[in-house]
Amino acid sequence: MSLSLTKQPNKTITSEFFFIGFATSSRSQSTFFAVFLLSYILAMLGNILIITIISSDSRLHTPMYFFLTNLAVLDICLTSCIIPKTLLILLSETKSISYFGCMTQLFLLTWTLGTELMLLAVMALDRYVAICIPLHYLIIMCRKIYASLAATVWLIGLYNAMIPAELILKLSFSERNDLDHFFCEIPAVLKVSVSNTDLIKIVVLVADILLGMLCFIFIIISYTYILTSVVRMRSTEKKMKAFSTCASHILVVTLYYGSTIYAYILPALGYGSNGDKVASALYAVVSPVVNPMLYSLRNAEVKQAFFKILSRTFPARCSL
């Protein structure tokens, strides 16, 4: 299989990358295709539904649901930059992606991933203020503040994606590049480069520690104070409401941070394994599907708003 190459000084740009992260049998290919297609449909429907419910009910126009809307938008972007191309690759015989397509996917993935890591920390901050210092909640988390927090998170995520992307664009690759993955991710792309990738690995590791680990530690500290405040509450009803609100976020953080650390930080430290693809699937495919379910099924306000929309849309059926 011949590839057209464009040569520049000290640099070779290959036209394609080939994915070998899938089984070769046609039956396995069909199974993968069905799983990814179903996951994409569920992720899109669930997150669009969350955005629709929150935007249509004025009672949900609060900082917590504003951040939840941002989370839903990020999940839509995350799955959309990965799964549609994966479905096309599963249907094709070559299992390839262009150099430009791979770099674009890598950049968008890094942007959404880093932004979501920070957004989860901001959501923990919101819960801390609401539960630990409720009398000052409306002052601290006013519209100007929470909108600025969201904008800052998106911008830092963008800057975090630009640095490794710029360095990776300067790398050289061989004529054929086989990625042991099902999408273009930094660790997988670095493995096939013929250039020295030590600098990029250090940059990625530092970024992962600053964004990932520091945000994770911040979340742990926030929830330590939150749990302490909840335990001191006298009202059982308030305790249950606080636990219900925080439980969904804790589950999302556990799934997302656990899989991200396994997929990014461990490979940067030299502990990569065959489980990297599984970890990547957890944060890129499973998490966007599970997030809307966790926040809707465990949240009474979201469910009430959903049934309110149904009653307006189908008044006759809902009244029966």
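Trainee: What share of the 320 residues of the protein counts as buried, and what makes a residue buried?

Mentor: Of the 320 residues, 46% count as buried, where buried means under 20% relative accessible area, exposed means over 50% and partly exposed lies in between, with a 1.4 Å probe and protein chains only. This is a predicted model, in which local features need pLDDT of at least 70 and side-chain atom pairs count only at pLDDT 80 or more, while totals for chains, interfaces and linings use all residues. Residues are numbered from 1 along each chain as its sequence is written, and side-chain values use heavy atoms, with hydrogens and water left out.

Trainee: Why is Val189 called buried?

Mentor: Val189 has a relative accessible area of 0%, and the limit for buried is under 20%, so Val189 is buried. Val189 lies in helix H7, residues 186-192, a helix being a DSSP run of H or I with at least four residues, and a strand a run of E with at least two, both numbered from the N terminus.

Trainee: Which residues does Val189 touch, leaving out those up to four places away in sequence?

Mentor: Val189 touches Cys102, Met103, Leu106, Ile168, Phe173, Leu179 and Cys184, contact meaning heavy atoms within 4.5 Å. Leu106 is 83 residues from Val189 along the chain, yet their C-alpha atoms are separated by 8.9 Å.

Trainee: Why are H2 and H4 called roughly antiparallel?

Mentor: Helix H2 (residues 63-80) and helix H4 (residues 99-132) pack at an angle of about 165 degrees, with their axes 10 Å apart; axes are lines fitted to C-alpha atoms, for helices over the stretch in contact, and angles run from 0 to 180 degrees between N-to-C directions. Angles under 35 degrees count as roughly parallel, over 145 as roughly antiparallel, 65 to 115 as roughly perpendicular and the rest as oblique, and H2 and H4 are therefore roughly antiparallel to each other. The residues of their contact divide into 13 nonpolar, 3 polar and 4 charged, where Ala, Val, Leu, Ile, Met, Phe, Trp, Tyr, Cys and Pro count as nonpolar, Asp, Glu, Lys and Arg as charged, and the others, Gly among them, as polar.

Trainee: How do you know how H6 and H8 are oriented to each other?

Mentor: Helix H6 (residues 143-168) and helix H8 (residues 198-232) pack at an angle of about 165 degrees, and H6 and H8 are therefore roughly antiparallel to each other. By class, the contact of H6 with H8 has 10 nonpolar, 1 polar and no charged residues.
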